[in-house]
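Please have a look at the sequence and the model first.

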Amino acid sequence: MRCFIGAELPPDVKSKLWKLGRNIKGKHVEMENLHITIKFLGELKDDNSISNIISRLSFIDNYNSIKIKLNGAGIFPSKIKPRVVWIGVISKEFIDF
């Protein structure tokens, strides 16, 4: 299973980003699926790996929110065939994984 650690976006931010993304040709995700990818983990093949990661991330329950600033944007793998639109973020708070 392809896994990542992600964070939810506020509804108003999702709405604005989704509207901006509609100007890009290609397949679009539903607005409720927009998120911030904190760390892409790749392919995880066993339940023990997933359980271990969930256990190591249990401290996140202490965070209500983290303030970020949007910074830059891009498309990959190419502008001709975009598969992912990304928007960079800056945060003064850093969580080390």
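## About the model

This is a predicted model, in which local features need pLDDT of at least 70 and side-chain atom pairs count only at pLDDT 80 or more, while totals for chains, interfaces and linings use all residues. Residues are numbered from 1 along each chain as its sequence is written, and side-chain values use heavy atoms, with hydrogens and water left out.

## The whole chain

The protein chain has two helices and four strands, arranged along the sequence as β-α-β-α-β-β. Both kinds of element are DSSP runs numbered from the N terminus: helices are H or I with at least four residues, and strands are E with at least two. The C-alpha atoms fill a box of roughly 40 × 30 × 20 Å along the principal axes.

Of the 97 residues in the protein chain, 14% are buried. Here buried means under 20% relative accessible area, exposed means over 50%, and partly exposed lies in between (1.4 Å probe, protein chains only). Take the contacts (heavy atoms within 4.5 Å) between residues at least 6 apart in sequence: 54% of them join residues at least 24 apart.

## Helix α1

Helix α1 covers residues 11-21, and Lys-14, Leu-17 and Gly-21 are buried in it. Seen down the axis of α1, these buried residues fall within an arc of 75°, so they line one face of the helix. That arc is the one formed by the directions from the helix axis to the C-beta atoms.

The cover over the buried residues of α1 includes β3 (68-77) and β4 (82-91). On the face turned away from the buried side, you will find the exposed residues Pro-11, Lys-16, Lys-19 and Leu-20.

Lys-14, in helix α1, has a relative accessible area of 7%, so it is buried. Leaving aside residues up to four places away in sequence, Lys-14 touches Glu-8, Leu-9, Met-31, Glu-32 and Leu-34.

His-35 sits in the loop between α1 and β2 (36-43) and is partly exposed, with a relative accessible area of 35%. His-35 and Gly-6 are 29 residues apart in sequence, and their C-alpha atoms are 6.5 Å apart in space. The side chains of His-35 and Thr-37 are joined by a polar contact of 2.9 Å. A polar contact is a pair of N or O atoms within 3.5 Å; within protein, one must be able to donate a hydrogen and the other to accept it, and residues adjacent in sequence count only if both atoms are side-chain atoms.
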